[in-house]
Amino acid sequence: MSSVAQKRSFGAAFWDWMTTVDHKKIGILYLIGGGFFFVLGGIEAMLIRIQLLQPNNDFVSAGLYNDLITMHGTTMIFLAAMPILFGFMNYIMPLQIGARDVAFPFINSLGFWMFFFGGLFLNISWFLGQVPDAGWTSYASLSIASPGHGIDFYAIGLQIAGGGTLMAGINFLVTIINMRAPGMTYMRMPLFTWTTFVASAMILFAFPPLTVGLFFLTFDRMFGANFFDHTMGGNTIIWEHIFWIFGHPEVYILILPAFGIFSEIFPIFSRKRLFGYPAMVFATVLIGFLGFMVWAHHMFTVGLGPTANAIFAVATMAIAVPTGVKIFNWLLTIWGGSIRVTTPMLYALGFIPSFVMGGVTGVMQGAAPLDYQLHDSYFIVAHFHYVIVGGVVLAILGGLHLYWPKMFGTMLNEALGKITFIFFFVGFHCTFLIQHWLGFWGMPRRVWTYMDGQGWNTANVISSVGALLMAIGVIVLVINIIMTVAKNERIGNDPWGDGRTLEWAIPSPPPFYNFTATPLVRGLDTVWIEKSEGNMTGLTPAEPITDIHMPNGSIIPFLMTFGLFVAGFGAMFHQETSWGLPVLIFGLAWTFVAMAARSLKDDLGFHVTKEQIQRDVDNASKGGRI
């Protein structure tokens, strides 16, 4: 009997997922959680586009519109795009490097629950009628003055979620440095692993400033501090620096893993080795470095002076060089290849022109004089959506179709996948291309409504219709997932037929211990090398089958984070209610007790015996599942 194919009751299965420390299950939890928030952010976007469908519209009030644009941006960046990418990183990266798990499985679980409870905390603001309303950047000049608890939900919710992100980044770094299979040198790592590595290093340096800024903001609003209040000696510009020291690297934290996904898709469906692998690696590292040199281009209009503006203008334009290297290498990978236009490949092909447009309009903003003219117009909305949606979201959708078979052992319907792509891609360009012209024609961003007769009516209708087409594409994707789950037609290790990296040589989905024996890596695209030399398993073991040590599951990460979640409410209401302070103390005490339990409990994990593994191997050789 398989070591994992065990029938369980609903309760047992639910407990298993709540306590899991398996990187693959945590990856799926990130995908589900991020997917939920993606739909939520999409609904908020649709409400925004309905409001802007016609002039003088009052579909939503001005205050609710502020709530919607704040929550849409915050949700999509912090709670949808990043967690979904973390889902891919969690699931795929350890498999690509031949590891059995991440370096710190317990912390991996803790990171997920912190993201989940942080997102939950933020969105409970809708039910209490006190929603963040100062924009996703929450500039201190607005956030300090905002009444109610909306900004408090923002500050505390993002602190909880941000802590989880920082833990995940450190975990990925340690995993890649220490847990690569024998023979997998740095220059043999797949590009997705490389981009995970650089993005994780960026998280290590970008998230602490955000945490400090949110800490200051929390103390300004709840405990009478004055870090940002200029009437009391504070300075609101400090918040802008702190936020963008985090905020612009965040764009590259998102886009680098997306680049990694496309760097896996192009070689598989072109049946060619990735062109210019060393250049792609160095371009990835250079983008990571330059990503920290550009934050002040968000502040050209603040008045930093011509010297600072010139330095950050040059740095902003320079980052186009390594990005251009990547674009040309992807094109040269396709060039002369035996191309299969599958659904993932469609997303990859659609990504190149879309992202180039977003990148070029970004380089334009690097010119400070032009930025003075455009920075508060719809041109900027168009630019960053072309980067985030045209880059990150297309990668997420392409990656979902690519890796779904590996994660769940079934294949998403290709026809429905292509229909999703067509609706989403056409809708995306309808929505955002026209917004460049809206910006040129003078329509400011963040406006609740606009007057008739300014020449913006038709363009806004086109933009809103495009958003509707994107929504239809997402609905078709959901239908595709439901149909695939219902059919449950199982597939083999390498359903695309041309997998090149280690994850395609093991069963779909993989056993909880990933590899029956640690693989030996003999070069870049190791599975491709093995198959081309006649080893159709795609793997050469580095050692004989032996006992495998695995970690135990634990409910403590859930409990620890739940304490922080409760303490957040106590901190927020401690000044105006009698129960606020006790709840704050109770939540913190709960968390400390859970931490103490973790510290005092001697959890040594368990071993999967080699006899059990051998039985799984024998079962698989007879057509069964591991």
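Visitor: Is F312 buried or exposed?
Guide: This is a predicted model, in which local features need pLDDT of at least 70, side-chain atom pairs count only at pLDDT 80 or more, and totals for chains, interfaces and linings use all residues. Residues are numbered from 1 along each chain as its sequence is written, and side-chain values use heavy atoms, without hydrogens and water. Buried means under 20% relative accessible area, with a 1.4 Å probe and protein chains only. F312 has a relative accessible area of 13%, so this residue is buried.

Visitor: How are the axes of α6 and α7 oriented to each other?
Guide: Helices are DSSP runs (H or I, at least four residues), numbered from the N terminus. The axes, lines fitted to C-alpha atoms over the stretch in contact, have angles from 0 to 180 degrees between N-to-C directions. Those of α6 (residues 150–178) and α7 (residues 191–222) come within 8 Å and cross at roughly 155°. Angles over 145 degrees count as roughly antiparallel, so α6 and α7 are roughly antiparallel.

Visitor: How many of the 29 residues of α6 are buried?
Guide: α6 is largely enclosed by the rest of the structure. The buried residues of α6 number 21.

Visitor: Which kind of aromatic pair do W194 and F197 form?
Guide: Rings of Phe, Tyr and Trp (its six-membered ring) pair if their centres lie within 6.5 Å, and planes over 60 degrees apart count as edge-to-face. The structure holds 63 aromatic pairs. The ring centres of W194 and F197 are 5.7 Å apart and their planes lie at 85°, so the pair is edge-to-face.

Technical notes:
Helices (H or I, at least four residues) and strands (E, at least two) are DSSP runs, numbered from the N terminus. Angles under 35 degrees count as roughly parallel, over 145 as roughly antiparallel, 65 to 115 as roughly perpendicular and the rest as oblique. Buried means under 20% relative accessible area, exposed over 50%, partly exposed in between (1.4 Å probe, protein chains only). Rings of Phe, Tyr and Trp (its six-membered ring) pair if their centres lie within 6.5 Å; planes under 30 degrees apart count as stacked, over 60 as edge-to-face and the rest as tilted.
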